Amino acid sequence: WQLVAELTGAVVKFCPMTPDHELDMDAMAALIGPRTKVVSVVHVSNALGTINPVAEISAMAHAVGALMVVDGSQSVPHMPVSFPELGCDVLAFTGHKMLGPTGIGILIARPELLDAMSPFMGGGEMINDVTTEGSTYATGPRKFEAGTPPIAETIGLGAAAEYLMKIGMDTVRAHELELTRYALDAMATIPGLTVYGPTDPTRRGCPISFALQTVHAHDVAQFLDAQGVCVRAGHHCTKPLMRTLGVAATARASMHIYTTSDEIDALVAALQGCAAYFD
């Protein structure tokens, strides 16, 4: 969005959080006004796990004629998601977070928006007609898929989507909700550990970010790695959020349909060992 602002002269504004690490909806209402062109939120925060009220925000955006753009990378692979029920205009999500290959993702948008947009890349298959005077372009998604497509990645992503749908997204969500509740309860027993995001598991997805006393997140991750537990440490592509939280970085444990309670126990045991080691 900052790149877009540089090209268009737009101003990017950010919505603050509540103490429970949820969007401040009063502040959101104050931010969205007649000059607002686009409102963009994540459906589920990759850094906090917070489930944002997308349908409510979509209504606020549309009331002033703004477009609503949603990042569903942490929601579509983990819970039932309905594009019409979200009420948004654009929904994007990645392939690798839904058990598929890297380097591919999905963009869903209202057809009239796709028709109004110009292609961002030229090449084969996105052309309707070409003359020496100019070109006309294909309609629908083909206009944005120039050249040879990522064939192997597309097949892999399709297989991943079919796999998840066969399991059932209600089943995926129920499994992860149970594990999230189990993990939050267990992690609450670790002295000096701070967990970020809503404490109510029904108001969050399964990523759990945390910090341990004065131990840097990278040190925590390295200690856990030595115990056979893999977490991600860093800014999680949300450096402004880290500043808001007052931390240099956080560590994050992620779960999916394949995660078990035994693995949560291994995480907690490793964190207890880490706390004792750096005490």
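Across which strands does helix 3 lie, and at about what angle to strand 2 is helix 3 running? In this predicted model, helix 3, made up of residues 54-63, lies across strand 1 and strand 2 and runs at about 155° to strand 2. The briefing below describes the sheet to which these two strands belong, an open sheet with the order 1-2-3-4, and then turns to an open sheet with the order 7-8-10-9.

**The sheet with order 1-2-3-4**

- This open sheet consists of four strands, and their pairing is mixed.
- Its edges are formed by strand 1, residues 38-42, and strand 4, residues 105-109, each of which pairs on one side only.
- From one strand to the next, the twist of this sheet averages 15°.
- Strand 1 is joined to strand 2, residues 67-71, by five bridges, and the two pair in the parallel sense.
- Within this pairing, V41 has V70 of strand 2 as its bridge partner.

**The sheet with order 7-8-10-9**

- Four strands also make up this open sheet, but here the pairing is antiparallel.
- Strand 7 (193-196) and strand 9 (232-234) are the edge strands, and each pairs on one side only.
- The twist from one strand to the next averages 30° in this sheet.

**Strand 10 and its partners**

- Strand 10, residues 250-253, pairs with strand 8, residues 208-212, in the antiparallel sense over three bridges.
- Opposite S209 stands R252 of strand 10.
- Strand 10 also pairs with strand 9, again in the antiparallel sense and over three bridges.
- Here G234 has T250 of strand 10 as its bridge partner.

**Side chains along strand 10**

- In a regular strand, side chains alternate between the two faces of the sheet.
- In strand 10, T250 and R252 point one way, while A251 and A253 point the other way.
- All of these residues, T250, A251, R252 and A253, are buried.

- Helix 7, which spans residues 169-187, lies across strand 7 and strand 8.
- The direction of helix 7 is at about 10° to strand 8.
- Helix 10, which spans residues 261-277, lies across strand 7, strand 8 and strand 10.
- The direction of helix 10 is at about 20° to strand 8.

Definitions and conventions:
Residues numbered from 1 in each chain as written. Predicted model: local features only at pLDDT ≥ 70, side-chain atom pairs only at ≥ 80, totals over all residues. Heavy atoms only, no water. Pairing = 2+ DSSP bridges. Axes fitted to C-alpha atoms, helices over the stretch in contact; angles between N-to-C directions. Contact = heavy atoms within 4.5 Å. Buried < 20%, exposed > 50% of the residue type's maximum accessible area, 1.4 Å probe, protein only.
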